[in-house]
Amino acid sequence: MTPTKYEHLLSLIAPAITKSSLRRETIGASERLMVTLRYIFGGTSQIDLASMFRISPTSVGRIINKTCIAIWTILLAKEYISYPKSENEWKAIANEFEKRWNFSNCIGAIDGKHIVMQASSRSGSFYFNYKKSHSIVLMAICNANYEFTLIDIGDTGRNSDGGVFKNSKIGIAFESNLLHIPEPKKPNSSNVKLPYVLIGDEAFPL
């Protein structure tokens, strides 16, 4: 992240994460954002971050949680985070797939990623996955440029990618035709109309 982008992000979320107190000096918005970005992008543990920034581990956990919520909420409200809402936007994605990857009528590549976590007490095997760890699932669809267009976060690790997709808001939206996917069309050098598709591995049904 460049300094310019960092300052821009800070200017957007600072009002939401700035704290004030009459009793003691508070942790500034810039420091809160730095802690969160180091945790997200660097994979640094909260214990190590507490040592680096001289903040208690408990405070580090609270800062990361509240700052992530602020980033998500504010960027979503200002439409920095968006998704295709019209047939033309889906067709533009399909054209890019055909141009870059020579695959016709493709509106996205889909896959799931297990985010390893410490299982909460009394959760049993609820989050236990096939990799023998506990996790939640990040399900994502990206365009031809590796950019996320749709995501679903939080399903339990015990579920397969296909099951996560089927039960997610994304899967339900596709099944209910709420995303305005274009009608089937003839790919180049073909006389047969084919539907627009997502590409994924064998975990997903046809």
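Predicted model: local features only at pLDDT ≥ 70, side-chain atom pairs only at ≥ 80, totals over all residues.
Me: How many helices and strands does the chain have?
Reply: The chain has seven helices and four strands. Both are DSSP runs numbered from the N terminus: helices are H or I with at least four residues, and strands are E with at least two.

Me: In what order do the elements run?
Reply: From the N terminus on, the order is α-α-α-α-α-β-β-β-α-α-β.

Me: Is the chain spread out or compact?
Reply: The radius of gyration is 21 Å, well over the 17 Å that the globule rule gives for 206 residues, so the chain is more spread out than a compact globule. That radius is taken over C-alpha atoms, and the globule rule is 2.2 Å times the number of residues to the power 0.38. Along the principal axes, the C-alpha atoms fill a box of roughly 75 × 45 × 25 Å.

Me: What percentage of the residues counts as buried?
Reply: Of the 206 residues, 34% count as buried. Buried means under 20% relative accessible area, exposed means over 50%, and partly exposed lies in between, with a 1.4 Å probe and protein chains only.

Me: Moving on to the largest pocket, what is its volume?
Reply: The largest pocket has a volume of about 1,100 Å³. A pocket is an open set of points on a 1 Å grid over the protein atoms alone, where a 1.4 Å probe fits, with protein on both sides within 12 Å along at least five of seven lines; lining residues have an atom within 4 Å of a point. Grid points are joined across faces, edges and corners, and the volume is the space filled by probe spheres set on the points.

Me: Which residues lie nearest its centre?
Reply: Of the 25 lining residues, Ile40, Phe41, Cys68, Trp72 and Ile153 lie nearest the centre of the largest pocket.

Me: And which elements supply the lining?
Reply: Helix H2 (29-42), helix H4 (57-77), strand E1 (106-116), strand E2 (135-142) and strand E3 (148-156) each supply at least two residues. The largest share, seven residues, comes from H4.

Me: How do the lining residues divide into nonpolar, polar and charged?
Reply: The lining holds 21 nonpolar residues, three polar and one charged. Here Ala, Val, Leu, Ile, Met, Phe, Trp, Tyr, Cys and Pro count as nonpolar, Asp, Glu, Lys and Arg as charged, and the others, Gly among them, as polar.

Me: New topic. How many aromatic pairs are there?
Reply: The count comes to five aromatic pairs. Rings of Phe, Tyr and Trp (its six-membered ring) pair if their centres lie within 6.5 Å; planes under 30 degrees apart count as stacked, over 60 as edge-to-face and the rest as tilted. One of the pairs is Phe126 with Tyr127, edge-to-face at 5.5 Å centre to centre and 85° between the planes. Phe126 is partly exposed at 37% relative accessibility, and Tyr127 is buried at 19%.

Me: What about Phe165 and Phe204?
Reply: Their ring centres are 6.3 Å apart and their planes stand at 80°, so this pair is edge-to-face. The pair links distant parts of the chain, 39 residues apart: Phe165 is in helix H6 (residues 161-167) and Phe204 in the segment after strand E4 (197-199). Phe165 is buried, with a relative accessible area of 18%, and Phe204 is buried at 12%.

Me: Which residues do ring pairs link into a cluster?
Reply: The cluster consists of Trp90, Phe165, Phe174 and Phe204.

Me: Last topic, backbone angles. What is the phi of Glu79?
Reply: Glu79 has a positive phi of about 65° although it is not a glycine. Glu79 lies in the loop between H4 and helix H5 (87-101) and is exposed at 64% relative accessibility.

Me: And where is Asn105 found?
Reply: Asn105 is in the loop between H5 and E1. Its phi is also positive, near 60°, but Asn105 is buried, with a relative accessible area of 3%.

Technical notes. Residues numbered from 1 in each chain as written. Heavy atoms only, no water.
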